[in-house]
Every structure is written in C-alpha cells, then in structure tokens.
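Take a look at the sequence and the structure below. The report after them goes from single residues to the whole chain.

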Amino acid sequence: MLRRKFLKKTLSGVPAVLLSSTLLAACDESEGPDKAPNGKSVLVIGAGIAGLAAAVQLKKEGFQVTVIEAQEKVGGRLRTDRSLGVPFDEGASWIHGPKGNPITDLAEKAKAKTFLTDDDSLLVYDGKGKAISDSVLDREYAAYEDALEAVTAKGTQNQSFEAVFNGLYPDRTKDALWKYMLSAYLEFDTGSDISELSSTDFDDDELFKGEDLIITNGYDTIAEYLAKGLTVKLNERVNTIDYSGAKVKVSSNKGNYEADYCLITVPLGVLKKEVINFNPTLPNNKRQAIAGTKMSAVNKFLLTFPSVFWDNNLQYVGFTPETKGKFNYFMNCKKFMPANALMTFAFGNYGKLTETMSDAAVIAEIMAQLKTIYGNNIPNPQAMLRTKWSSNPNAYGSYSFPTNGRRSADFDVLAQAVNNKLFFAGEHTQREYRGTVHGAYLSGLREADKIADL
Ligand SMILES: Cc1cc2nc3c(=O)[nH]c(=O)nc-3n(C[C@H](O)[C@H](O)[C@H](O)COP(=O)(O)OP(=O)(O)OC[C@H]3O[C@@H](n4cnc5c(N)ncnc54)[C@H](O)[C@@H]3O)c2cc1C
C-alpha cells in the first residue's frame, strides 16, 4: 500500500544501509542441517517474527533454544483471524518493497500467496462525496512532499511534526485533504500521531524497492513456517528476568526457566508498561530509550457486505473527513479475496479513540462516510472484525516511532545487549527498518549472530 510510498522523496526505494553479508548469509543458513549441540542455552521471549527468526538461527548454530510466548499461537503482530472465512491480518498485511526484501524469499518458502498492489489505483473523495481530480491530487501531493522536507529542515529536536507543520502552514492545518495526507500517509507510515512525532527524525529509516505485495492467505503462514521444529511454550507470560547470577533466570505465570542467554523480543509497548521486572534494573540509557520512543495506534477494520457497491476496479478509495485519522482510507479486498470486503483504518489519536467505541458506533461512523461517497442505499455490513492495538496487552501499540525531544539513535540503544547476557530484538530495535516485518526479522538474525559470536 501507500504506507511506505509516501515518504522518501529523495531516497525513493534505495536502501542506504545495505544488508550486511553476515545477515544475508544467516538467511541462507536456516536451510542447512543443525550444527552439533554447543552446550549453551538461550531463552527467547516472544514468538513474533523477530523471536522466531532468532530461534531458528540459534538452533542451527547448536544452541538449546526455548521460546516463551504469552499468546496461544506464534506470530505476534503477524496474526490472522479467519473467523469470517477469509483471512483478516490484524497486524502486517504488506511486504513493503519486495525487491531484496528477505520477507519475499521467506514468503515463497512458507507458501504464502501474494498479490501485487497498484498504488495508482486510487480515487480520493472530498467530504461531500465528490471525487478529487487527479490534477488536484498530484499538485497537493507534490506540495505534501515539499512540506515533509520543509518540516525536517525547520524542525528542532524538541518540536513535534505537528507543531512545526502548523507554524509553517497554518492554512493547511484545517484543510481536509491535508489532514487526509498527514494521516493516511504519514501517520500510517510512521505509526504515530503527528502531535507526538519527531519533526527531525521521522523520516530517517530505509526502504526496499518495488511495488508492495500483499499476503492473501494470512501473514501467519510465515510465522507458522518458521516455528516448525522449535520448542515454543505457548500461553506463558514472562514477568521476571533475573540476570544477576551466572545464568539468566526467567519466570512466567506458569514456570521458571534458566539459560546462558536471554533474547527479549517483546514489543516496545510491553517494555514501556514494565510488565517484565528486571533484576538488576536495566541500565539508565536503556530505560531512557524505552521511555523516549513511542508506540501509537494504527487500527484495522474488515467489513463484509452482501454485495459490492464500490468501484470494483479500484484498489484503494480515499476519503477526506474533518477528523484526522478517521476511516479515511479503504482497501478493496475483493481484488484478492473471495469476499465482498472492505478494509479500513483509524490512525493516531483517532485510532486510539476507536478502542473505546462499541462495534455499533464504529460501524455507524464508517457507514456514514461510505454513504457520503456511494449514497444512502448501500447495504449494511454483515460482519466486522477489528483491532485494538494500543490496549492489546501483547503489544500496547502498533509499531514504534521517534518522538519529539528525543533522537532516533534511541532505537540503536534499544538494540544494545546488557552484560552479554540479555539481548534485544524486535522491530523497535532495527532503526533503519523499524515498524516493519523485515525490520523485525532482520533484528532477530542480528541478535542470533551476536550470541553465536560470543
Ligand atoms: C496494524 C499493523 C499493521 C502493520 N502493517 C505492516 C505491514 O503491512 N508491513 C510490514 O512490514 N509491517 C507491518 N506492521 C509491523 C509489523 O507487524 C511488526 O513490525 C512486526 O510484526 C513485529 O514483529 P516483532 O517480532 O518485533 O514483534 P511481535 O510480532 O509483536 O512479537 C512479540 C511477541 O512477544 C509476545 N509477548 C508480549 N509480551 C510477552 C510476555 N510478557 N511474555 C512472553 N511473550 C510476550 C507477544 O505476544 C508477541 O508474540 C504492522 C503492524 C501493525 C500493528
């Protein structure tokens, strides 16, 4: 989708940081036989793609590996709900920039099915339901790209994106099309609300090339593939990690474990909530980095209808409501799944607000916007599935972003090992690819390498 397309005017698809040859070699090694046991053990906390990638790699290296996962299944933010008969991916849907992206290869091995998205297949409607012409969209979009650069140039460390933007463009702040672009593009991409987003560091991550692919049979296919042959303890929520002695001791609601090393891949939101007690407490710089980076809410809603009433040729439909972040973007799922389904999104502060709304209230708001575009005679949805990422105890947020007052170097600190016993992986530790599946995956391989090198 749109998510990774609407930043990076200058970098446009060129990853400035090339993947290290060690990491690429590690990707290949996961194919070969396991080495002989090396007598060392690792506890991996969290069975998202970061934890699973590391566990596979460490097992290959001869470590005794146990993965401890709070949920009833593996995958974390690769979580697919099939209760409506079609896969609804609650977290990731897209492979952003499939060329050179390690997830493309992994998806093929896992037999995940993909659909090539067409970002240009988009029509945006104004608040009265009138389609905005391509020439206006192109003009405003070019101005939007310039505005991103102007905010970066003008911003200071303590200012949020919104503060700098409002100062530079007081008229655009109230403009519905601008609210749409700042939300459906920028807040979706960064996983932030722009009022909390760093004005200087919001756009310093990297991209792979190529039009995005969407996984059509469920992103969890990839997690299930990686988990084959691993020892994973499900339904166990870790609450204590004691690294004061020679071995690391880990306790969950169900039992106690010990190992030579512990790799912590729980989401940043879980670290911020201090769900896990560390003994001794984590070093100051690590605690400051946890406090200084943030997670916001990108929430997803899948609605199924008795018939298609939208333009079925289109991939995406945009809408420009007065409220920023409010169901401003629809994906036509009929393009790649056997259902009359639309997926919509809520971003930033509105994304969080939806978590306090009933299903009926959410449906009423979504339908009001669809009726503005397609008229009052459209059918009501038959069913809806939704997410509540900021209150979800397994993540407490959708993905990480740099906030004002801090620098994105915090993401490097989040990746630092402590005493060569505690290691950290997860999307929030891979600064150049944060907030993505490939970022999380690469972070797992990176930490497996670090442990194997000790
Ligand atoms: C709405 C949404 C849309 C997204 N869209 C895309 C997309 O299209 N493309 C893309 O590339 N990326 C996307 N992402 C980001 C991507 O999903 C994540 O970056 C990636 O999946 C994170 O993997 P991870 O292993 O770091 O964390 P997770 O997958 O969150 O894994 C962490 C694991 O830790 C477990 N855990 C938490 N607490 C404990 C505990 N106390 N004890 C034991 N286990 C615990 C969790 O249950 C979880 O399984 C999206 C994310 C969201 C939320």
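This is a predicted model: local features need pLDDT of at least 70, side-chain atom pairs count only at pLDDT 80 or more; totals for chains, interfaces and linings use all residues.

Glu274 sits in the loop between helix 8 (268-272) and strand 14. Its backbone is worth a look. Phi of Glu274 is near 55°, a positive value in a residue other than glycine. Most residues other than glycine have a negative phi.

Tyr396 also has a positive phi, near 50°. Is Tyr396 buried or exposed? Tyr396 has 20 C-beta neighbours inside 10 Å, so Tyr396 counts as buried. Its place is in the loop between strand 20 (383-386) and strand 21 (400-402).

## A cis peptide bond

Most peptide bonds are trans. Asn279 and Pro280, however, are joined by a cis peptide bond. Omega is about -5° there. Pro280 belongs to the loop between strand 14 (277-279) and helix 9 (284-292).

## Around the ligand

Which residues come nearest to the ligand? They are Gly46, Gly48, Gly76, Gly426 and Glu427, out of 41 residues around it. Helix 2, strand 16 (298-304) and helix 13 are the elements that give two or more residues to this shell. The shell divides into 21 nonpolar, 15 polar and 5 charged residues.

Gly76 is buried, because 28 other C-beta atoms lie within 10 Å. Leaving out residues up to four places away in sequence, Gly76 touches Gly46, Ala47, Gly48, Ile49 and Asn394. Tyr329 is 253 residues from Gly76 along the chain, and their C-alpha atoms are separated by 25 Å.

## Helix 2 against helix 13

Two packed helices are described by the angle between their axes and the distance between the axes. Here, helix 2 (residues 49-60) and helix 13 (residues 437-453) pack at about 35°. Their axes are 7 Å apart. Helix 2 passes helix 13 in a right-handed crossing.

Which residues make the contact? Helix 2 brings Ile49, Ala50, Gly51, Leu52, Ala53, Ala54, Gln57 and Leu58. Helix 13 brings Val437, Ala440, Tyr441, Ser443, Gly444, Leu445, Glu447, Ala448, Ile451 and Ala452. Between helix 2 and helix 13, the contact residues divide into 13 nonpolar, 4 polar and 1 charged.

Phe345 lies in strand 19 (residues 341-347). It is buried, because 25 other C-beta atoms lie within 10 Å. Not counting residues up to four places away in sequence, Phe345 touches Phe188, Val298, Asn299, Lys300 and Tyr329. Phe345 and Ala448 are 103 residues apart along the chain, and their C-alpha atoms are separated by 35 Å.

Lys233 lies in strand 9 (residues 232-233). It has 17 C-beta neighbours inside 10 Å, so Lys233 counts as partly exposed. Lys233 touches Thr66, Val67, Ile68 and Glu69, with residues up to four places away in sequence not counted. The C-alpha atoms of Lys233 and Val266 are separated by 15 Å, and these residues are 33 apart along the chain. Now take Asn380, in the loop between helix 11 (359-374) and strand 20. Asn380 and Phe305 are 75 residues apart in sequence, and their C-alpha atoms are 6.7 Å apart in space.

## The whole chain

How many helices and strands does the protein chain have? There are 13 helices and 22 strands. The C-alpha trace spans about 65 × 50 × 40 Å along its principal axes. For 454 residues, a compact globule would have a radius of gyration near 22 Å. The protein chain has 22 Å, so the two agree.

Buried residues make up 50% of the 454 residues. Now consider contacts between residues at least 6 apart in sequence. Of these, 76% join residues at least 24 apart.

Note on methods
Residues are numbered from 1 along each chain as its sequence is written. Axes are lines fitted to C-alpha atoms, for helices over the stretch in contact, and angles run from 0 to 180 degrees between N-to-C directions. Helices (H or I, at least four residues) and strands (E, at least two) are DSSP runs, numbered from the N terminus. A crossing is left-handed if the near helix is turned anticlockwise from the far one by less than a right angle, and right-handed if clockwise. Two residues are in contact if their C-beta atoms, placed from the backbone, lie within 7 Å. Ala, Val, Leu, Ile, Met, Phe, Trp, Tyr, Cys and Pro count as nonpolar, Asp, Glu, Lys and Arg as charged, and the others, Gly among them, as polar. A residue is near a molecule or strand if its C-beta atom, placed from the backbone, lies within 6 Å of it. The radius of gyration is taken over C-alpha atoms; the globule rule is 2.2 Å times the number of residues to the power 0.38. A residue is buried if 20 or more other C-beta atoms lie within 10 Å of its own, exposed if 12 or fewer, and partly exposed in between; C-beta atoms are placed from the backbone.
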